[in-house]
Amino acid sequence: MAVAEQQSVERTQRPSDTRVPTVIVDDVHIVYTVHGAGTGRGSATAALGRLLSRKSSPNVRRVHAVKGVSFTSYRGEAIGIIGSNGSGKSTILRAIAGLLPPERGKIYTDGQPSLLGVNAALMNDLTGERNVILGGLAMGMTQEEVRSRYQGIVDFSGINEKGDFISLPMRTYSSGMAARLRFSIAAAKNHDVLMIDEALATGDRAFQRRSEARIRELRKEAGTVFLVSHNNNSIRDTCDRVVWLEKGELLMDGPTDDVLKAYEDHTK
Ligand SMILES: Nc1ncnc2c1ncn2[C@@H]1O[C@H](COP(=O)(O)OP(=O)(O)OP(=O)(O)O)[C@@H](O)[C@H]1O
């Protein structure tokens, strides 16, 4: 795999009235290579033929998921990323987190961006309690910090509101409960750049309100928050700027109200 084109923006002394960039995405292209792809003919007979064929398919298909996207984020901004299914939102976040190498273009980041996805790695067979400790340590907290923030994380997640779930293995949680715990662990720490992929969509309304308030706090603490969501109200309540991707291209980047209005007109 090619080396990710992830570089650090040097922290230099700047006048206090200038905006400080946190992520620079410069003409980025991201291509997935899919091995063993079919021929692309979609009929049932063609699919059955492929399944019954003894030959393994030599086909390799390239999916050009992000096409020449550029934008810069600044400290204190919360940026919503919107667009229809498959438009490249999760892909661009994964690239900013350094998990996917751009095929072309460059991504510069100030500090280590943290990606909080619905699939963020916690261990399903461990209890919620163990996962809070594991997740806290994985994010770079000391044991002492984890101990002192433990109760706050559990209370924020609301996991124990209906019984002692925190001492049960995470595999017994509903997907919403698991997403809440992941968000609560990540939000317990201040991040230079925090990227949240749909995590809010799975919580109930009360949890969404708490999360939105916490996102506003994180911004005040001089971080940058990216929020991928299909929920326009969540974006409206949390973000002051929105980037709209469609078919891997940047369609619009501007103030939340302007971009959401154009998006809502487009999707009517
Ligand atoms: N691991 C992968 N291998 C191959 N193609 C992929 C992979 N992940 C995503 N893609 C493709 O890349 C494109 C962008 O996908 P991505 O998940 O970034 O979209 P998205 O905007 O986050 O979609 P959604 O709103 O449905 O979550 C899609 O065409 C998708 O099929």
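This is a predicted model: local features need pLDDT of at least 70, side-chain atom pairs count only at pLDDT 80 or more; totals for chains, interfaces and linings use all residues.
## The overall picture

Let's start with the whole chain. It is built from eight helices and ten strands. Of its 268 residues, 35% are buried. If you look at contacts with a separation of 6 or more, 73% of them join residues 24 or more positions apart.

## Around the ligand

Which residues sit around the ligand? They are Tyr 32, Val 34, Val 63, Ala 65, Gly 83, Asn 85, Gly 86, Ser 87, Gly 88, Lys 89, Ser 90 and Thr 91. Helix α2 has the largest share, with three residues.

Sort the shell by class and you get seven polar residues, four nonpolar ones and one charged one.

Now find helix α6, which runs over residues 205-220 and has 16 residues. From its first C-alpha to its last it reaches 23 Å, close to the 22 Å expected at 1.5 Å a residue. Phe 207, Ser 211, Ile 215 and Leu 218 are buried in α6. These four are on the same side of α6 because they cover an arc of only 80° around the axis. Here's the handy rule behind that: an α-helix has 3.6 residues a turn, so residues three or four places apart point the same way.

What covers those buried residues? The cover includes the strands β4 (78-82), β7 (193-197) and β8 (224-228), along with the helices α5 (175-187) and α7 (232-238).

## Helix α3, a second example

Helix α3 (residues 128-138) has its own buried set: Gly 128, Asn 131, Val 132, Gly 135 and Gly 136. Seen down the axis, they fall within an arc of 130°, so they line one face of α3. Helices α4 (143-157) and α5 are among the elements covering them. Just after α3, Gly 140 takes a positive phi of about 95°.

## The nonpolar core

The largest nonpolar core has 57 residues, and the members touching the most others are Ile 96, Met 195, Leu 227 and Val 242. Helix α5 gives the most to this core, with eight residues.

Take a look at Leu 227. Leaving out residues up to four places away in sequence, Leu 227 touches Ala 78, Gly 80, Ile 81, Ile 196, Ile 235, Thr 238 and Cys 239.

Key: Residues are numbered from 1 along each chain as its sequence is written. A residue is near a molecule or strand if its C-beta atom, placed from the backbone, lies within 6 Å of it. Helices (H or I, at least four residues) and strands (E, at least two) are DSSP runs, numbered from the N terminus. Ala, Val, Leu, Ile, Met, Phe, Trp, Tyr, Cys and Pro count as nonpolar, Asp, Glu, Lys and Arg as charged, and the others, Gly among them, as polar. The expected span of a helix is 1.5 Å times one less than its number of residues. A residue is buried if 20 or more other C-beta atoms lie within 10 Å of its own, exposed if 12 or fewer, and partly exposed in between; C-beta atoms are placed from the backbone. The arc is that of the directions from the helix axis to the C-beta atoms. Two residues are in contact if their C-beta atoms, placed from the backbone, lie within 7 Å. A nonpolar core is a set of buried Ala, Val, Leu, Ile, Met, Phe, Trp, Tyr and Cys residues joined through C-beta atoms within 7 Å.
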